[in-house]
Amino acid sequence: VTDGSNNVSTSSAVVTVLDTTSPNALAQDISLYLDANGQANITTSDIDNGSGDNCSMTLSLDQTSFDCNDVGANNVILTATDGSNNTSTATSIVTVIDTIPPVVQVQNITVQLDANGQAVISTSGIDNGSTDNCTSPTLSLDKTTFDCNDLGSNTVTLTSTDPANNTSSATAVVTVEDNTAPSAIS
């Protein structure tokens, strides 16, 4: 301070600057596709929709990894934190989608007609280790019963359907044989 006679006096004071303004977290909804291993990951940049702060900030997510158990809509929280530990959050819907079809493995088989001229097969006889990126798929055959009209080679189709309704098919050959000797009645 200087007076009219040019006398000077000084004093110092501490000025504390506070940042009390929270960041503005902005999130967007996304679709996320599982890979061949049934896994998918996200980062903050996938969810961030232009979050900002008056200073600097960091972003974090409460969930970044997803698997087959997460198929469908998932709420994910984006948190923005600035250097003064002010925070804000925004919720995003991450829709996890499985579009990977099952892998169908088949094997050819030979079946014998029984005494009534019939043979029945199941998916387990044709399946040779079919798999899916998520769960065990549901297997079905287009033909399971055979009779004398089917002697020889028959092509059957094994179809595999996973819980997301992805399907795959493969064909196998069912060789039908009749090794039952006829009965002679006198």
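## A buried aspartate and its salt bridge

D150 has a relative accessibility of 12% and therefore counts as buried (buried means under 20% relative accessible area, exposed over 50%, and partly exposed in between, with a 1.4 Å probe and protein chains only). The side chain of D150 meets that of K143 in a salt bridge, with an N to O distance of 3.0 Å; the term denotes a side-chain nitrogen of Lys or Arg within 4 Å of a carboxyl oxygen of Asp or Glu. K143, at 29% relative accessibility, is partly exposed. The structure holds 1 salt bridge. Side chains of opposite charge can pair when their charged atoms come close.

## Basis of the values

The model is predicted: local features need pLDDT of at least 70, side-chain atom pairs count only at pLDDT 80 or more, and totals for chains, interfaces and linings use all residues. Residues are numbered from 1 along each chain as its sequence is written, and side-chain values use heavy atoms, with hydrogens and water left out.

## Overall architecture

The chain contains 2 helices and 12 strands, where helices (H or I, at least four residues) and strands (E, at least two) are DSSP runs numbered from the N terminus. In sequence order the elements follow β-β-α-β-β-β-β-β-β-α-β-β-β-β. Because the radius of gyration is 35 Å, well over the 16 Å that the globule rule gives for 186 residues, the chain is more spread out than a compact globule. This radius is taken over C-alpha atoms, and the rule is 2.2 Å times the number of residues to the power 0.38. Along the principal axes, the C-alpha atoms fill a box of roughly 150 × 20 × 20 Å.

Of the 186 residues, 30% count as buried. The accessible surface of the chain is about 11200 Å², with 45% of this area belonging to carbon and sulfur atoms; areas come from the Shrake-Rupley method with a 1.4 Å probe, and for residues only the protein chains shown count as cover. Among contacts (heavy atoms within 4.5 Å) between residues at least 6 apart in sequence, 56% join residues at least 24 apart.

## Nonpolar cores

A nonpolar core is a set of buried Ala, Val, Leu, Ile, Met, Phe, Trp, Tyr and Cys residues joined through side-chain atoms within 4.5 Å. The largest has 15 residues, of which V111, I121, I126, F146, V156 and V174 touch the most other members. Strand 7 (109-112), strand 11 (152-161) and strand 12 (167-177) are the elements that give two or more residues to this core, and strand 12 gives the most, with 4 residues. Apart from this core lies another, of 12 residues, including I30, L34, I42 and L61.

V111 belongs to strand 7 and is buried, at 13% relative accessibility. Residues up to four places away in sequence aside, V111 touches A119, I121, V174, T175, V176 and E177. With the same exclusion of residues up to four places away, F146 touches L113, G117, Q118, A119, I121, N154, V156, V174 and V176. V111 and F146 lie 35 residues apart in sequence and 9.1 Å apart in space, C-alpha to C-alpha.

S168 is located in strand 12 and counts as buried, at 18% relative accessibility. Its side chain reaches the backbone oxygen of P102 at 2.7 Å. Neighbours within four places in sequence aside, S168 is in contact with P101, P102, V104, L158, T159 and S160.

Definitions and conventions:
Polar contact = N/O pair within 3.5 Å; in protein donor to acceptor, adjacent residues only side chain to side chain.
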